[in-house]
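Work through the exercises below with the model open. Each task is followed by its solution.

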Amino acid sequence: MIATSIALSIVMGGIMGQDLPSVLPYIMGGILCFALPGFLLNEAPETFMSSSNIIKNHAHPFSYYIFENVARVFILFINNLVVFYITLAVLGKLTLPNWTVVPAIMLNFLNCVFWGGVVAMAAARYRDLRFLLPFMSQIIFFLTPVFWHPGNLKGWRTVILNLNPFYGLMEVIRAPLLGEMAPLIAWQLSAASLLLGALAWAVFFGVYRGKIAFWV
């Protein structure tokens, strides 16, 4: 994470005319926080498939496998968070996180649980998604302001932000970690994603729950 952040900061800092201590916290925070919604495309497709033998032989609740994978991602996030704040301290940019980081983390956790379950079911039924979605994550990474600023988009290109839930889920955590308030659009995108995810999970899990063991 540090190596990638420094490499992007050197390039993007030169393009945007900013020095390394100014741009590095923003980019490192983006990479750190994008990993949470990025779970839906990178790890979630393997949730049920990686536990296929257990699912076929044991009657554990399917939510167990989802919570297991989500918990692993959040534990890794906390570990990387320590590195993030050590870097801020070295750069002289250390600041206390805004209180909104707490509801932001909860929003991300619930989004990962609900959408993670939907993606896991879809990937179990349609195996090609296990390879397609991780590839799509690379495209979404560049379409999300991880290392560039939203204010750089003008005109019709702003739709990349206004309809991008990955931006909302990332920004509601990154901004508080940098001691700022996340913009309203980020909260709106995160809340809308949560509502749609909960609805999708309730519908699809209720209908296809009994078929998951046969799909894996």
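**Exercise 1.** At roughly what angle do the axes of helix α2 (residues 20–42) and helix α4 (residues 62–91) cross?

*Solution.* This is a predicted model, in which local features need pLDDT of at least 70, side-chain atom pairs count only at pLDDT 80 or more, and totals for chains, interfaces and linings use all residues. Residues are numbered from 1 along each chain as its sequence is written, and side-chain values use heavy atoms, without hydrogens and water.

Step 1: the two axes come within 10 Å and cross at roughly 175 degrees. Axes are lines fitted to C-alpha atoms, for helices over the stretch in contact, and angles run from 0 to 180 degrees between N-to-C directions.

Step 2: angles over 145 degrees count as roughly antiparallel, so α2 and α4 are roughly antiparallel to each other.

Step 3: the contact (heavy atoms within 4.5 Å) involves residues including Leu24, Met28 and Phe39 of α2 and Val73, Phe77 and Leu88 of α4.

**Exercise 2.** Is Val216 buried or exposed?

*Solution.* Step 1: Val216 lies in the segment after α10 (212–215).

Step 2: buried means under 20% relative accessible area and exposed over 50%, with partly exposed in between (1.4 Å probe, protein chains only). Val216 has 9% relative accessibility, so Val216 is buried.

Step 3: leaving aside neighbours within four places in sequence, the contacts of Val216 include Phe48, Ile55 and Arg127.

**Exercise 3.** Which residues does Asn98 touch, not counting residues up to four places away in sequence?

*Solution.* Step 1: Asn98 sits in the loop between α4 and α5 (101–125).

Step 2: Asn98 touches Pro176, Gly179, Glu180 and Met181, with residues up to four places away in sequence not counted.

Definitions and conventions: Helices (H or I, at least four residues) and strands (E, at least two) are DSSP runs, numbered from the N terminus. Angles under 35 degrees count as roughly parallel, over 145 as roughly antiparallel, 65 to 115 as roughly perpendicular and the rest as oblique.
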